[in-house]
Amino acid sequence: MGRGVSGIRDVAAVVERTAVEDFLYREADVLDRWRLDDWLALFDDDATYEVPATDAPDGVAGRDLFLIADTMPVLRGRVTRLKSVNAFVESPKSRTRRIVGNVRITGTAADSIDVAANFLITRIRKGVTDTYVGRYDHSLRVVGATDFRFRRRRAVLDHDALRPQGKISIIL
Amino acid sequence: MADTIITDDLSGNGALVIDNRDKGVFRVNRAAMADPAVFATERRRVFDRVWLYFGHESEVPNPGDFRTRTLAGRPLILSRGDDGEVRIFINSCPHRGAEICRETAGNGKAFHCLYHAWSFRNTGEVLDIPGEDAFGGAFDRRDFHLRHVPRMENYRGFLFICFDPDAVDLTTYLAGAGEYLDYVADQGPGGMEVIRGTQLYSARANWKLLVENSIDFYHTVPLHKTYFKFLEDIGADISGGVGGRGYDLGGGHAVVCFKAGWGRPVARWEPSWGETERTRIEALRADLVARYGERRTEMVADWDRNLMLFPNLLINDIMATVIRQVNPISHDYMEITQWALAPKGEPRQDRAGRLHAFNTFLGPGGLATPDDIEAFEGAQRGFGAWREVSWSDYSRGYFGEAGRPDSEKQSSHEIQIRAFYRRWSTLMAAGGNLPGWGGA
């Protein structure tokens, strides 16, 4: 089973956790450097980007209200917006720093893997430091043993409320 | 020491509001946002006297359901008792003050205080007091039932509370705004419900800045140009703009009405929804006409509106229906809670479309709201200089709102914001001079 098997049927089974870690660390770095077009290239066309409401962390998009439930047209619009000087909340840009840890492969399908990880993100701007803490619940399509694309990118916050952060103006 | 809260003297002279009907000038002193003494007075003279939106009855659908939340400094419990009645209790043990409910939501027959193990039925009566026989002769357990908020009324599912036992009844309080609540409640033939998932957020600014922002046309295009660019990019027709009209509904309440380029789930079709959906939307509208007639249906279905119920409730009835409650915490910090309201039994696909539209535009993770927060948090920082730059202006359209053609007066209405501040200043004045508000 698993490691020795090649071929399309269970390509996900050959993925090493360290490869997923490298992918998530690179992604975090791309975001902290505000290279948003590079970040967008990590998504499949039918991907979603979700942040559930803090009082419904198990929320289902389309049934429950979310903080963010982007389909790709909206996510592309979000990136276009964030690159504009008229996205005032991020113009001038904040500084962000992301710590991603406790990365685990929690499931495998024929061509994709489920990944869980923890995150701690600081956003610093105008003398204010806001912190976002939570867990990632991703589904990644396996492109190669060390390369992936997001199918589902889900950030589940631990906070009771966006207080005092007030908003999610960066990518979580 | 200020003698007046409102004046028609353009110099202000210690007033918090200038309202000059001859010159058409309306200004609010920035101390109203920046001075902690004004905030302390506002708590007593505004929030302790007015009706406040607390929640929707659909949030506790079953006997035993409860939710806890804090409003205007009070910890409260929304409870549906075993008898089916909705009540709102003070979440503080009548014995020694501990929270008797420490969860945000749940279902149960009784509330148990952790401190001395007193317990209370979900209808409020004392259930058990351990060692009750040790209390003296004057002790009467009936003195220790859970305390209700002084006033509570249910307006078509919208639950309001008031901390003033002598306040007018809710319908009187709502004045012309009750009719606009009806237009929201009318949308669900089987009633309306709050959708699961709450946007709980905040802003580092005075609460009034969010209220005025929510009914302000003037900022929409300049502040949200990236959102309108997004709408254009996905093919929406926004050529009609977002102008409209503002109305003073009496009692400090106001509404802005407009017809924007997006569709309304009840019930205004837009081309991107497709022909199948068009048939369904037209049937929804026909059903409204059968129930309410054409004129009222036009108000329910065709018009977008942002309703402001004095002092702190905003209902944006647009591409989705938003209940937005503003909870002042300090002069420069507010909590905001936002729910999505929809007809009960709405088909799954339509519910999904509604939520998609809601999430894209509205809320702290949307493409618009974060820039609003950026704007009024910056204003709050600016108010640090309120002694040097003392007045914010709300004079647009003071004379012109009635006389000009609609095409020219888009975005020029500010009567809705003046209605808010007039009511606010009247309440603030009702107790005499403001203690501690000392001017410059």
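In the predicted model, the contact between the two chains involves 35 residues of chain B and 32 residues of chain A, two residues being in contact if their C-beta atoms, placed from the backbone, lie within 7 Å. On the side of chain B that touches chain A, at least two residues each are supplied by β15 (199-203), α7 (225-233), β21 (333-343), α10 (348-361) and α11 (369-382) of chain B. Helices (H or I, at least four residues) and strands (E, at least two) are DSSP runs, numbered from the N terminus. The largest share of this side, seven residues, comes from α10(B). Divided by class, the side of chain B that touches chain A has 15 nonpolar, 12 polar and eight charged residues. In this division Ala, Val, Leu, Ile, Met, Phe, Trp, Tyr, Cys and Pro count as nonpolar, Asp, Glu, Lys and Arg as charged, and the others, Gly among them, as polar.

Residues are numbered from 1 along each chain as its sequence is written, while chains are lettered from A and ligands numbered from 1 in the order in which they are written. As this is a predicted model, local features need pLDDT of at least 70 and side-chain atom pairs count only at pLDDT 80 or more, whereas totals for chains, interfaces and linings use all residues.

Chain B contains 12 helices and 22 strands. Its radius of gyration is 23 Å, close to the 22 Å that the globule rule gives for 440 residues, so chain B is as compact as a globular protein of that length. The radius of gyration is taken over C-alpha atoms, and the globule rule is 2.2 Å times the number of residues to the power 0.38. The C-alpha trace of chain B spans about 75 × 65 × 35 Å along its principal axes. Of the 440 residues in chain B, 47% are buried. A residue is buried if 20 or more other C-beta atoms lie within 10 Å of its own, exposed if 12 or fewer, and partly exposed in between, with C-beta atoms placed from the backbone.

One open sheet of chain B has four strands in the order β1-β2-β3-β22, with mixed pairing; two strands pair if DSSP finds at least two bridges between them. At the edges stand β1 (6-7) and β22 (391-393) of chain B, each with a single partner strand, so one side of each is left without a neighbour in the sheet. Two bridges connect β1(B) with strand β2 (residues 17-20) of chain B in the parallel sense, and B:T7 stands opposite B:I18 in β2(B). Helix α12 (residues 415-429) of chain B packs on this sheet, where it touches β1, β2 and β3 (25-29) of chain B, and its direction makes about 120° with that of β2(B). Axes are lines fitted to C-alpha atoms, for helices over the stretch in contact, and angles run from 0 to 180 degrees between N-to-C directions.

A further open sheet of chain B has three strands in the order β9-β10-β11, with antiparallel pairing. Its edge strands, β9 (110-112) and β11 (126-128) of chain B, each pair on one side only. Strand β10 (residues 119-121) of chain B runs antiparallel to β11(B) and is joined to β11(B) by two bridges; B:F120 stands opposite B:V126 in β11(B).

Five bridges pair strand β6 (residues 74-80) of chain B with strand β7 (residues 86-90) of chain B in the antiparallel sense, and B:R87 in β7(B) is the bridge partner of B:S79. The hairpin of β6(B) and β7(B) has five residues between the strands, and B:G84 in this hairpin takes a positive phi near 85°. B:A72, in the loop between β5 (65-71) and β6 of chain B, also has a positive phi, of about 50°, although B:A72 is not a glycine. B:A72 is partly exposed, with 18 other C-beta atoms within 10 Å.

Chain A comprises three helices and six strands. Its radius of gyration of 16 Å agrees with the value near 16 Å for a compact globule with 172 residues. Buried residues make up 38% of the chain. A cis peptide bond, with omega near 15°, leads from A:R163 to A:P164, and A:P164 is found in the segment after β6 (147-157) of chain A.
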